[in-house]
Each structure stands twice: as C-alpha cells, then as structure tokens.
Amino acid sequence: MNLTQDIQFQIECLVAELAEMLMAEYGWDIHRALDELYSSTTFAKLNDPECGLYYQGAVYIFQFLKSEIETGKVA
C-alpha cells in the first residue's frame with residue numbers, strides 16, 4: 001500500500017465514523033449523513049492531504065463538522 005492509498009484508507013475510515021456520529025447526533029439516515037458530510041467544507045479539508053486533517057481523530061473532526069452544520073462556518 002503506498003502513501004496515497006494509506007491516506008485514502010484513513011479518510012474512508014473517518015468518513016464511516018463521522019457518518020455514524022452525524023446519524024447519532026441529528027437522527028439522520030445514512031443517505032442524509034453522507035450527503036451533508038460530502039458537501040461540507042470540512043470534508044474538502046479532510047480530503048486534502050496537504051491540510052493533514054486526516055491525521056486527526058473522528059471526534060476532533062466532528063467538532064468542526066458540527067460547527068459548520070450548525071453555524072454555516074467552519075470553526
């Protein structure tokens with residue numbers, strides 16, 4: 001597995017965790033949770049290896065995502 005595949009795997013694992021957290025927090029189904037996640041600025045940053053957000057834990061990233069959803073801005 002090369003670095004790019006490793007980063008992609010980490011991102012995919014985080015996406016699964018974040019989607020579960022969104023469903024628990026807001027009572028959304030998986031489709032709504034993934035739609036919100038994939039269309040977020042937080043996801044764009046998560047998906048940018050230069051940003052390094054993928055190295056953080058899901059709970060940490062979720063705070064940014066929750067703030068973005070509730071305020072319309074990334075914290």
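Which side chains meet in a salt bridge at 3.1 Å, N to O? In this predicted model, the pair consists of Arg32 and Glu36. Both residues belong to helix H2, which covers residues 30-38. They are 4 residues apart in the chain, about one turn of the helix. Arg32 is partly exposed, its relative accessible area being 40%. Glu36 is likewise classed as partly exposed, at 24% relative accessibility.

The structure contains 2 salt bridges. Besides the pair within helix H2, a salt bridge is formed by the side chains of Lys66 and Glu25, with an N to O distance of 3.0 Å. This pair links distant parts of the chain, as 41 residues separate Lys66 from Glu25. Lys66 is located in helix H4 (residues 58-71), and Glu25 in helix H1 (residues 3-26). Lys66 has a relative accessible area of 23% and is partly exposed. Glu25 is also partly exposed, with a value of 40%.

The loop between H2 and helix H3 (41-46) includes Ser40. Ser40 has a relative accessible area of 7%, under the 20% limit, and therefore counts as buried. A polar atom of the Ser40 side chain lies 2.9 Å from the backbone nitrogen of Phe43. When neighbours within four places in sequence are left aside, Ser40 is in contact with Leu65 and Glu68.

Terms used: Residues numbered from 1 in each chain as written. Predicted model: local features only at pLDDT ≥ 70, side-chain atom pairs only at ≥ 80, totals over all residues. Heavy atoms only, no water. Salt bridge = Lys/Arg side-chain N within 4 Å of Asp/Glu carboxyl O. Helix = DSSP H or I, 4+ residues; strand = E, 2+ residues; numbered from the N terminus. Buried < 20%, exposed > 50% of the residue type's maximum accessible area, 1.4 Å probe, protein only. Polar contact = N/O pair within 3.5 Å; in protein donor to acceptor, adjacent residues only side chain to side chain. Contact = heavy atoms within 4.5 Å.
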